[in-house]
Amino acid sequence: SANDTNVCDGLGVEVALSGNTLIASTNRGLYTGAGCTIQNGYSVYIFARSGITWSRQQKLHDSNVDVSDVAIHGDTLYIISSKEHSNGQLLSLDLSKPEVSLRDAKPVIRLKDDEVIVGLTLADALTLSAARDALYLKVSVNGIDGVRRIDFGTGQAETVPMPMPGT
């Protein structure tokens with residue numbers, strides 16, 4: 001369990017599962033009210049499963065990195081953050097390295113000025129999704145949603161056309 005959280009932290013608002021690894025993040029300031037204390041920053045918890053038992057392996061915390069969504073593929077954690085770029089930023093973090101921190105996360109792709117990661121301000125489903133061969137990121141340009149596909153093998157990003165309603 002993540003015994004250093006309280007009900008106000010929103011632990012598990014964003015989750016990702018890959019094999020025997022579960023990622024759960026807190027969302028600072030999501031809940032307010034009596035008895036709530038606001039954390040100094042966002043946290044990402046990594047849990048591992050052995051048989052039917054889940055145990056906490058690591059807590060990643062940084063007051064300078066916010067976490068809007070998470071996905072995992074192998075040893076790589078993907079994070080959507082809006083701390084440095086208000087339109088959103090997709091970051092990756094190699095979890096196989098010892099003593100890893102959210103501060104070590106590196107940008108995956110650069111968005112154009114008119115692009116916004118969908119779901120940063122709305123509770124949008126599946127903003128970020130890891131599949132077998134690629135990571136899919138929902139992006140909006142001038143209010144029209146699209147999908148970016150980032151190939152795991154090459155790191156290349158391409159725009160995937162979305163069907164228009166009624167087609």
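Two strands count as paired if DSSP finds at least two bridges between them. The exercises below apply this to a predicted model.

**Exercise 1. Describe the pairing of strand 11 with strand 12, and the turn between them.**

Solution. 
- Step 1: strand 11 covers residues 134-141 and strand 12 covers residues 144-151.
- Step 2: eight bridges join these two strands in the antiparallel sense, and one of the bridge pairs is Ser 140 with Asp 145 of strand 12.
- Step 3: the two strands form a hairpin with two residues between them. Asn 142, in the turn, has a positive phi of about 50°.

**Exercise 2. Follow the chain from strand 12 to strand 13 and describe the hairpin they form.**

Solution. 
- Step 1: strand 13 (residues 157-160) pairs with strand 12 over four bridges, again in the antiparallel sense.
- Step 2: Arg 149 has Glu 158 in strand 13 as its bridge partner.
- Step 3: five residues lie between strand 12 and strand 13 in this hairpin. The turn contains Gly 155, whose phi is positive, at about 80°.

**Exercise 3. Give the strand order of the open sheet of four strands, and identify its edges.**

Solution. 
- Step 1: the order is 5-6-7-8, and the pairing is antiparallel.
- Step 2: an edge strand of this sheet pairs on one side only, which applies to strand 5 (69-73) and strand 8 (106-109).
- Step 3: neighbouring strands in the sheet are turned against each other by 35° on average, with direction ignored.
- Step 4: within the sheet, strand 6 (residues 76-81) and strand 7 (residues 89-94) are joined by six bridges. Ile 80 is bridged to Leu 90 of strand 7.

**Exercise 4. Locate the largest nonpolar core and work out the surroundings of Val 44.**

Solution. 
- Step 1: this core has 18 residues. The members that touch the most others are Ile 23, Val 44, Leu 60, Leu 77, Leu 93, Leu 95 and Leu 102.
- Step 2: two or more residues each come from strand 3 (42-50), strand 5, strand 6 and strand 7. Strand 3 gives the largest share, three residues.
- Step 3: leaving out residues up to four places away in sequence, Val 44 touches Ile 23, Ala 24, Ser 25, Gln 58, Lys 59, Leu 60, Val 67, Leu 77 and Leu 102.

**Exercise 5. Classify the two aromatic pairs of the structure and state how buried their residues are.**

Solution. 
- Step 1: a pair of aromatic rings is described by the distance of the centres and the angle of the planes.
- Step 2: for Tyr 45 and Phe 47, the centres are 6.5 Å apart and the planes are at 25°. Planes under 30 degrees apart count as stacked, and this pair is stacked.
- Step 3: Tyr 45 has a relative accessible area of 0% and is buried; Phe 47, at 10%, is also buried.
- Step 4: for Tyr 78 and Phe 152, the distance is 6.0 Å centre to centre and the angle between the planes is 40°, a tilted pair.
- Step 5: Tyr 78 belongs to strand 6 and Phe 152 to the loop between strand 12 and strand 13, so this pair ties together parts 74 residues apart in sequence.
- Step 6: buried means under 20% relative accessible area. Tyr 78 is therefore buried at 9%, whereas Phe 152 is partly exposed at 22%.

Notes: Residues are numbered from 1 along each chain as its sequence is written. This is a predicted model: local features need pLDDT of at least 70, side-chain atom pairs count only at pLDDT 80 or more; totals for chains, interfaces and linings use all residues. Side-chain values use heavy atoms; hydrogens and water are left out. Axes are lines fitted to C-alpha atoms, for helices over the stretch in contact, and angles run from 0 to 180 degrees between N-to-C directions. A nonpolar core is a set of buried Ala, Val, Leu, Ile, Met, Phe, Trp, Tyr and Cys residues joined through side-chain atoms within 4.5 Å. Buried means under 20% relative accessible area, exposed over 50%, partly exposed in between (1.4 Å probe, protein chains only). Contact means heavy atoms within 4.5 Å. Rings of Phe, Tyr and Trp (its six-membered ring) pair if their centres lie within 6.5 Å; planes under 30 degrees apart count as stacked, over 60 as edge-to-face and the rest as tilted.
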